[in-house]
Amino acid sequence: KLITSNIRFDNPDDGSNGWDSRKTILADTLLSYSPTIIGTQEGRRPQLKELENLLGNLQLADTHREWIERRMYPGQFFSPSSVALLRATDVWLSDTPEIAGSKSFNSAFPRLCNIIEYITLADQKKFLICVVHLDHQLAQTRAEQARVLAEQLSKFNSENLPFSVMGDFNEGPDDEVHSLLHKMLPGIRDPWIEKKLAEQTTYHKFKGSYPEGKRIDWILLSNQFDVKSIEIDKHKSGDTFPSDHFPVRCEIEL
């Protein structure tokens with residue numbers, strides 16, 4: 001079971017929607033699905049470590065990482081009772097992807113993806129998870145960042161293992177990044193489209209609805225996976241949502 005969730009950074013200006021008001025709601029919402037792996041976006045180190053403490057037995061994959069204090073990172077939380085981590089890397093979506101904190105393509109901030117190779121404990125099957133958060137301003141910037149992601153993921157995946165690319169792409173499935181990833185990563189699919197589900201917004205500004213919004217949070221899968229289900233989790237507690245994005249969750253089988 002996979003989840004992608006933009007957790008919204010710890011912003012003092014969010015008032016009643018601030019991190020301290022919703023962090024337990026977020027953790028409970030994520031845990032209710034009994035996930036194997038959660039991919040998050042927007043957290044800085046203190047926020048991600050605090051979330052790790054709230055997620056019980058799930059572990060944050062960060063031993064490969066040298067944190068930059070001011071940067072927000074994609075995170076992966078995994079269930080050590082289900083999978084083991086074999087390799088992990090952070091790839092900065094720039095002309096110099098190996099340089100931490102590097103920025104190109106007129107990106108508003110340095111952006112990165114986190115790629116991890118796991119192995120299932122039950123049957124020793126390997127697979128990759130890539131979690132990403134693309135630029136929020138320019139379509140051309142997102143396209144260039146997606147090209148770097150696809151190139152670096154292909155290099156990392158020299159064994160042609162099953163893989164998922166998930167995260168906050170900051171544009172809808174009808175825009176350029178979606179088609180670009182399908183071209184550069186042969187066999188990748190969008191299970192939401194595959195199951196012919198109606199398009200919905202995943203970004204909602206803490207309101208629960210946003211008519212101008214799009215499905216900007218995706219879980220894309222290579223063709224080695226069977227998809228049992230995919231859904232947008234719209235849970236809230238009272239008037240409080242876990243984040244300004246709805247989590248997307250997907251059950252798959254290798």
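**Figure 1. Residue Q59 in strand β3 of the predicted model.** Q59 lies in strand β3, which covers residues 59-60, and the structure shown is a predicted model. With a relative accessibility of 37%, Q59 counts as partly exposed, because the partly exposed class lies between the buried limit of under 20% and the exposed limit of over 50%. Leaving aside residues up to four places away in sequence, Q59 touches E52, Q76, F77, F78 and P80. One of these contacts, F77, is 18 residues from Q59 along the chain, and the C-alpha atoms of Q59 and F77 are separated by 5.1 Å.

Figure 2. Strand β6 (residues 112-120) pairs with strand β7 (residues 126-133) in the antiparallel sense, over 7 bridges. Within this pairing, I119 stands opposite K126 in β7.

Figure 3. The whole structure contains 7 aromatic pairs. In one of them, the ring centres of Y203 and Y210 are 5.7 Å apart and the planes are at 85°, so this pair is edge-to-face. Both residues of this pair are partly exposed: Y203 has a relative accessible area of 25%, and Y210 has one of 21%. The rings of F241 and F246 have their centres 6.0 Å apart, with the planes at 70°, so this pair is also edge-to-face. F241 counts as buried at 6% relative accessibility, as does F246 at 2%, because the buried class takes in values under 20%. Elsewhere, W67, Y73 and W92 form one aromatic cluster.

**Figure 4. Charged side chains over aromatic rings.** The charged end of K1 sits over the ring of Y33, at 4.9 Å from the ring centre. The charged end of R65 is placed over the ring of W67, at 4.7 Å from the ring centre. W67 is also a member of the aromatic cluster that includes Y73 and W92.

Figure 5. In soluble globular proteins, nonpolar side chains tend to be buried together. The largest nonpolar core of this model has 26 residues, of which L149, L153, V165 and L181 touch the most other members. Two or more residues are given to this core by each of β6, β7, α3, β8, α4 (176-184) and β9. Helix α3 provides the largest share, 7 residues. Not counting residues up to four places away in sequence, L181 touches A146, L149, A150, F169, I188 and L220. A second, separate core of 23 residues includes W192, V227, F241 and V248. Of these, F241 also takes part in the edge-to-face pair with F246.

Notes: Residues are numbered from 1 along each chain as its sequence is written. This is a predicted model: local features need pLDDT of at least 70, side-chain atom pairs count only at pLDDT 80 or more; totals for chains, interfaces and linings use all residues. Side-chain values use heavy atoms; hydrogens and water are left out. Helices (H or I, at least four residues) and strands (E, at least two) are DSSP runs, numbered from the N terminus. Buried means under 20% relative accessible area, exposed over 50%, partly exposed in between (1.4 Å probe, protein chains only). Contact means heavy atoms within 4.5 Å. Two strands pair if DSSP finds at least two bridges between them. Rings of Phe, Tyr and Trp (its six-membered ring) pair if their centres lie within 6.5 Å; planes under 30 degrees apart count as stacked, over 60 as edge-to-face and the rest as tilted. A charge sits over a ring if NZ of Lys or CZ of Arg is within 6 Å of the ring centre and within 35 degrees of the ring normal. A nonpolar core is a set of buried Ala, Val, Leu, Ile, Met, Phe, Trp, Tyr and Cys residues joined through side-chain atoms within 4.5 Å.
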